[in-house]
Amino acid sequence: MTDLEATVAYLKDRQDILDCIVRECRARDRQDTAQIASCWWEDGVDEHGAVVTVAPDYPERANAGHRGAFQATSHNITNHLCEIDGTVANCETYVVGGLFWKDSQKTSIAFGRYLDRLEKRGGEWRIVVRRCTIEMTADADPGWVFSDAIKGFLKHQWSREDPSYERPITWKPREEGLRW
């Protein structure tokens, strides 16, 4: 039974780590400073290129950067490697970021990775170090989002008014919610 318990504990830790990374991305896409902060230990540090930010300042700084240039962002987690050594995890997580510019003239897509160290403290995994890479980028014409094919789809909101916060998730008449 000891091997089974160890395997289950490892799998739970691995899932908790991935959940933390995904939750942090989701929080940035919703501009949710409290949720971003809940994914970082107070002594954490983030490196986004030349910009290095300590964890207590990171949620608002990241949000301000996004608000300053974009009307929407979408961070998508793909491949995830995770090496757990006790209460420390070193992870490499691929991210594809969609960035819809404020002027509606283009959407940029950035392909990169998060190189993270997480620590488990008090039974909870959070980020201590994040280093970001950018592998490549692409620009796209965002015109389709304004077409009849998209008309009526729910639109994101950078707030807790976003429909993803609703619990339970229910269907509502088409007139409700911010829509394209």
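Biologist: How many residues line the largest pocket, and which lie nearest its centre?
Modeller: The lining has 24 residues, and Arg28, His48, His66, His75 and Ile134 lie nearest the centre. On a 1 Å grid over the protein atoms alone, a pocket is an open set of points where a 1.4 Å probe fits, with protein on both sides within 12 Å along at least five of seven lines; a lining residue has an atom within 4 Å of a point.

Biologist: Before we go on, what kind of model is it?
Modeller: This is a predicted model: local features need pLDDT of at least 70, side-chain atom pairs count only at pLDDT 80 or more, and totals for chains, interfaces and linings use all residues. Residues are numbered from 1 along each chain as its sequence is written, and side-chain values use heavy atoms, with hydrogens and water left out.

Biologist: Back to the pocket. How much space lies in it?
Modeller: About 570 Å³. That volume is the space filled by probe spheres set on the grid points, which are joined across faces, edges and corners.

Biologist: Which element gives the most to the lining?
Modeller: α3, with five residues. Elements giving two or more residues include β1 (40–48), β2 (51–54) and β3 (70–85). Helices (H or I, at least four residues) and strands (E, at least two) are DSSP runs, numbered from the N terminus.

Biologist: Now the packing. What does the largest nonpolar core look like?
Modeller: It has 16 residues, and Ile17, Trp40, Ala89, Cys91 and Leu118 have the most contacts inside it. Such a core is a set of buried Ala, Val, Leu, Ile, Met, Phe, Trp, Tyr and Cys residues joined through side-chain atoms within 4.5 Å. At least two core residues come from each of α1 (2–30), α3 (58–69), β4 (88–101) and β6 (124–140). α1 gives the most, with four.

Biologist: Asp116, then. Is it buried or exposed?
Modeller: Buried, at 3% relative accessible area. Buried means under 20%, exposed over 50%, and partly exposed in between (1.4 Å probe, protein chains only). Asp116 sits in strand β5 (residues 107–121).

Biologist: Which side chain does Asp116 make a polar contact with?
Modeller: That of Arg130, at 2.7 Å. A polar contact is a pair of N or O atoms within 3.5 Å; within protein, one must be able to donate a hydrogen and the other to accept it, and residues adjacent in sequence count only if both atoms are side-chain atoms. Asp116 also touches Ile21, Asn90 and Val129, among others.

Biologist: Switching to backbone. Which residues have positive phi without being glycine?
Modeller: Gln31 has phi near 60°, and Ser104 has about 60°. Gln31 is in the loop between α1 and α2 (33–37), and is buried at 11%. Ser104 is in the loop between β4 and β5, and is partly exposed at 24%.

Biologist: Why flag those?
Modeller: Most residues other than glycine have a negative phi, and most peptide bonds are trans.

Biologist: Where is the cis peptide bond?
Modeller: It joins Arg167 and Pro168, with omega about -10°. Pro168 is in the segment after β6.

How values were computed: Contact = heavy atoms within 4.5 Å. Lists of a residue's contacts leave out its neighbours within four places in sequence.
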